[in-house]
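Student: Could you walk me through this model, one question at a time?
Tutor: Gladly; let's look at it together.

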Amino acid sequence: MDTLSLFSLKGKTALITGSGSGIGYALAEGLAGAGAKIILNGRNAEKLTTAKNTLRKKGFEITCLVFDVTDSAAVKMAVSEYEKEKGPIDILINNAGINIRGPFEDFKEEDWEKVLDTNIRGAMIVSQAVGKFMIKRKRGKIINICSMQSELGRPTIVPYTISKGGIKMLTKALCAEWAKYNIQVNGVGPGYFETELTKPLKDDPEFDKWLCNRTPANRWGKPRELIGAAVYLSSEAGDYVNGHILYVDGGLLASV
Ligand SMILES: NC(=O)c1ccc[n+]([C@@H]2O[C@H](COP(=O)([O-])OP(=O)(O)OC[C@H]3O[C@@H](n4cnc5c(N)ncnc54)[C@H](OP(=O)(O)O)[C@@H]3O)[C@@H](O)[C@H]2O)c1
């Protein structure tokens, strides 16, 4: 048996939201390396073009769809035009996410809405737009990017924590509803990875030291260390895995 072929994404197309940088970009490169055609997404066309050109130079097949995941009309139009003109989107990774930090007692309602809107409603909108086509085809893979905050609280990030708890439950609820269409909906839960999002934490020596002590692996994760989990859950190898959150966290959740 050619076991590695179970993990191949040859002939598949993956849409990864928020993939012009950070974890999304690493997953785009990783899934492309497993054979998938990649659709990059984000709000900043220039950033996406730079990412597209870099990945194309490595021999990968890359397209960009510029939209804000919270703009329902733009998402529906981009997804249906792609499906009509270029072909099926087989894999969706709901990765786009933001965080706004601040003490709960002073947290502004507008910031609360921004975080929940991007992290939860955005995933709902894109899953719905892509899922309608997956349902018709009776196959599809959806991966929601969760977090340590899908399980644990931390001061100053109450709305982010709620959003990541929500995305974990979106994963389970959608599995319950769409498994009958042969759609697998799973989550990948990163521990702490160095990106723009976590720069304020990485730049804080006290936090950096605390995190390394708190994490059994004794270090931050590298975005490429999330590729294995994402390829597994996107591929035939994960066909009977559904509603599961795979934490990639250097052991953080396993220890106190
Ligand atoms: N880094 C970590 O340690 C860590 C840990 C756990 C979970 N996560 C999760 O992993 C995901 C990626 O995080 P990251 O660390 O890679 O963050 P990042 O470097 O800030 O990247 C986030 C990406 O999302 C895009 N984005 C933000 N809002 C968007 C919107 N409304 N519509 C479309 N795209 C949008 C951004 O691009 P534009 O601004 O160009 O649109 C950016 O490329 C997030 O869901 C985050 O919660 C990260």
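**Strand pairing and the ligand shell**

Tutor: E1 and E2 pair in the parallel sense over 4 bridges; helices (H or I, at least four residues) and strands (E, at least two) are DSSP runs numbered from the N terminus, and two strands pair if DSSP finds at least two bridges between them. This is a predicted model, where local features need pLDDT of at least 70, side-chain atom pairs count only at pLDDT 80 or more, and totals for chains, interfaces and linings use all residues. Residues are numbered from 1 along each chain as its sequence is written.

Student: Which residue in E2 does Ala14 stand opposite?
Tutor: Look across from E1 to E2, which pair in the parallel sense. The residue in E2 opposite Ala14 is Ile38.

Student: How many bridges join E1 to strand E4?
Tutor: E4 covers residues 91–94 and runs parallel to E1. Ile16 stands opposite Ile93 there. The number of bridges joining E1 to E4 is 3.

Student: Are the residues on the two faces of strand E1 buried or exposed?
Tutor: Buried here means 20 or more other C-beta atoms within 10 Å of the residue's own, exposed 12 or fewer, and partly exposed in between, with C-beta atoms placed from the backbone. Thr13 and Leu15 lie on one side, Ala14 and Ile16 on the other. All four are buried.

Student: Which element gives the most to the shell around the ligand?
Tutor: Helix H1 (22–33), strand E2 (37–42) and helix H4 (109–137) each give two or more residues. The top contributor, with 3 residues, is H1.
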